[in-house]
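Open the model in a viewer and keep the selection panel at hand.

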Amino acid sequence: MANYRKDDSAPKAASSPKGGNTKTGKKKKKHPVAYTIFLFFFCIFVAGMLTVIIVGTSVLSYIDSNVNGNVLVDLDTYKNSQNQTSIMYAYDDDENIIELARLHGEENRIWVDYDEMPQNLLWAFVCLEDRRFYDHSGVDWIRTIGVLVKPSAKGQGGSTITQQLIKNLTDDKDATFNRKFHEIIRALNLEMNYSKKDILEAYLNTIPLGAGCYGVKTAAETYFGKSVSELTLLECATLAGITQAPYSQNPYVNFEKCMDRKNTCLYWMKTEGKISEETYNKYKAMNVKVLAKGTATASEEKKEDIDILSWYEEYVIDQVIADLQKEYGYDYHEAWRKVYYGGLSIYAAVDLDVQNTLESIYAKRSGFPYSRTDSKGKLPESAMTIMDYQGRIVALVGGTGEKNTNRAYNRATDTRAKRQPGSSIKPLSVYAPAVDLGLVTANSTILEKALTLNGKPWPRNFNGDHGSGSYITVQNALVRSLNTVPARILKEQLGVQASFKYCNENFHLNLSEGDKDLSPLVVGGTNTGCTTLEMAAAFATFGNGGRYYEPYSYYKVTDRNGNIVLDRSNELPQQSIKESTADSMLSMLTAAVTQSNGTAYGSKISGFQTFAKTGTTSDNCDKWYCGGTPHYVCAVWYGYDLPSNLYTGATNPSKTIFKYVFSKLHTGLSSKSFDDVKKSVDNAINSAQGD
């Protein structure tokens, strides 16, 4: 038997054939199931902690950089622009500047300085709304946690005066965690950059206080007929009490509830030591005296009648707001506030004579054909946009009758007012693209016969037939507004994709993907529809050598110091179609007016070349006329607001309206040709390019 030293290793036992161990071998240890589970969850825990640390570090870094960084909410800019009325101007025929409108906004709001406010007013709001206002740094963490722990607890809410100010200035009141998170950051940043005095002053000038009042100055005048400095303790407490529910608990809506809140304010003023027990008991039993609703406010603030803006002026406001959002990244509320309170000077591109003439005609429905009312007793409506050939919107109207309200439904420009263009889309969707790509000419002959789709003939012509079966020219088909010929051109030569691209990228009709089909592009039965503004801008390309200009309603906007904010002058066009294509289309569209079988026949303006394309939807709910002279291009729509059959037969009311309006506008105008139009466009482009 071999001898081994103690430190020698014994030889390993051979493994059994079945994988077991011999008696002399060590058994293989197995980890308990509990240990495996523990290890799994421990790994998840470690990964989770690392994620929390990484995310937490990023969040803390973001919070620190924003709280201690640049000013996020600029009170100085807001205060400076608060009382600055924006003014809209226009130019007359002699290039003199004329004031059109002063933009006040719908909020009754006038700024009052902190030093003009009585101490009772300051303490009334602080004691009722934010008793630790002078102790916290923008966020009262005690109150915030208290609200989270016990949301139903009575008393002050979780938002401090600073946080409420943020909501008032940004108009962001969504009940979301993301909104609350950014509100807290902004509040902390605000307190890093402004004093408590600045914050309280801004808060008291922006808080909604019911009856259309924003800020204590207009509220004092509306409810009590006096300036802020003259307010009594009772009146101060009443104003502070309105803040909880300004629209439902102001003294005009619920006087008893308003007085209850007044007493709550007095109680907290007493509790905080700002008034005595005796004073509290005295004023608790008293009701405030409020002016009758609608009574004139302080004499120096005489209330003016509301000015009704024209259709054009309202569109200028819409376009300036949209351009401010695009140019400066404002949200809608910020851009709206800039227009109404930013002290801007807006120079409208309107032609006052044309606009006044157009509004007068539409207000009286002068020259309109007889129309029957719909099932609700409503007459058909109409809208019209008139432009020059370089993008200037000369005039527009969004409805018939006297305009007696602001922010009215504008059927000329509002995206909600889009209507199917019918056959007026054919020059844009089929004929111009096909000519531009060299597929057809005005003299090309096409089989005038319906296609066979799914075993059935399509489309029908306006008279109900499926085509003559003979070959006719492209110009003949356009003049008569046949459906069969453009259907064949689109299906067999042009293709839906190319047609749709021209409509949206070249003519900017903004059709939807659902319109990428034969029917919408041939007969204008689009899902999206068009506005008269879009159609007028698109048809202008046929008269100016194929250039598309984005429509504009103002030349420039300046701030109160005269600095340019927005500038629409000297903008360059897009070469939408070839000049030769534009000339060919102009010739064919002129034939639609001059030839006796043309759908626009009879609409020629005496003494001026006139081109046009009419449109009627298959259900006879919409009538269009798009065209113009060398002076102006336009689009007219006619129909019921709630789509319904117009029962006009072959008569096109839009053509009648065009003839009446343009005859008035062209009286006394000088002779002009489309060659003159193209020369003017060329000169403008060269000037803009600095040649």
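A patch, as used here, is made of residues with over 30% relative accessible area and no salt bridge, and nonpolar side chains are joined into one patch within 5 Å. Keep in mind that this is a predicted model.

Select Phe38, Leu39, Phe42, Phe45, Val46, Met49, Leu50 and Ile53: together they make a nonpolar surface patch of about 770 Å². Stay on Leu50, which is found in helix H1 (residues 33-67).

Next, go to the interior. In soluble globular proteins, nonpolar side chains tend to be buried together. The largest nonpolar core here has 120 residues, and the members that touch the most others are Ile346, Met384, Ile386, Leu509, Phe542 and Phe662. Select helix H12 (residues 311-328), which gives the most to this core, with eight residues. Another core, of 56 residues, lies apart from it; Cys127, Phe133, Tyr194 and Cys236 are among its members.

Now centre on Met384. Beyond its neighbours within four places in sequence, Met384 is in contact with residues including Leu358, Tyr362, Ala395, Leu396, Val397, Cys634 and Phe662.

Finish with two strands. Select E6 (residues 381-387) and E7: the two pair in the antiparallel sense over four bridges. Ile386 has Ala395 in E7 as its bridge partner. Strand E7 (residues 393-397) is mostly covered, with five of its five residues buried. Between the strands, the hairpin has five residues, and Gly391 takes a positive phi near 95° in this hairpin.

Key: Residues numbered from 1 in each chain as written. Predicted model: local features only at pLDDT ≥ 70, side-chain atom pairs only at ≥ 80, totals over all residues. Heavy atoms only, no water. Core = buried A, V, L, I, M, F, W, Y, C linked by side-chain atoms within 4.5 Å. Buried < 20%, exposed > 50% of the residue type's maximum accessible area, 1.4 Å probe, protein only. Contact = heavy atoms within 4.5 Å. Patch = residues over 30% accessible without salt bridge, like charges linked within 9 Å, V, L, I, M, F, W, Y side chains within 5 Å. Areas by Shrake-Rupley, 256 points an atom, 1.4 Å probe, with all protein chains shown as cover. Salt bridge = Lys/Arg side-chain N within 4 Å of Asp/Glu carboxyl O. Pairing = 2+ DSSP bridges.
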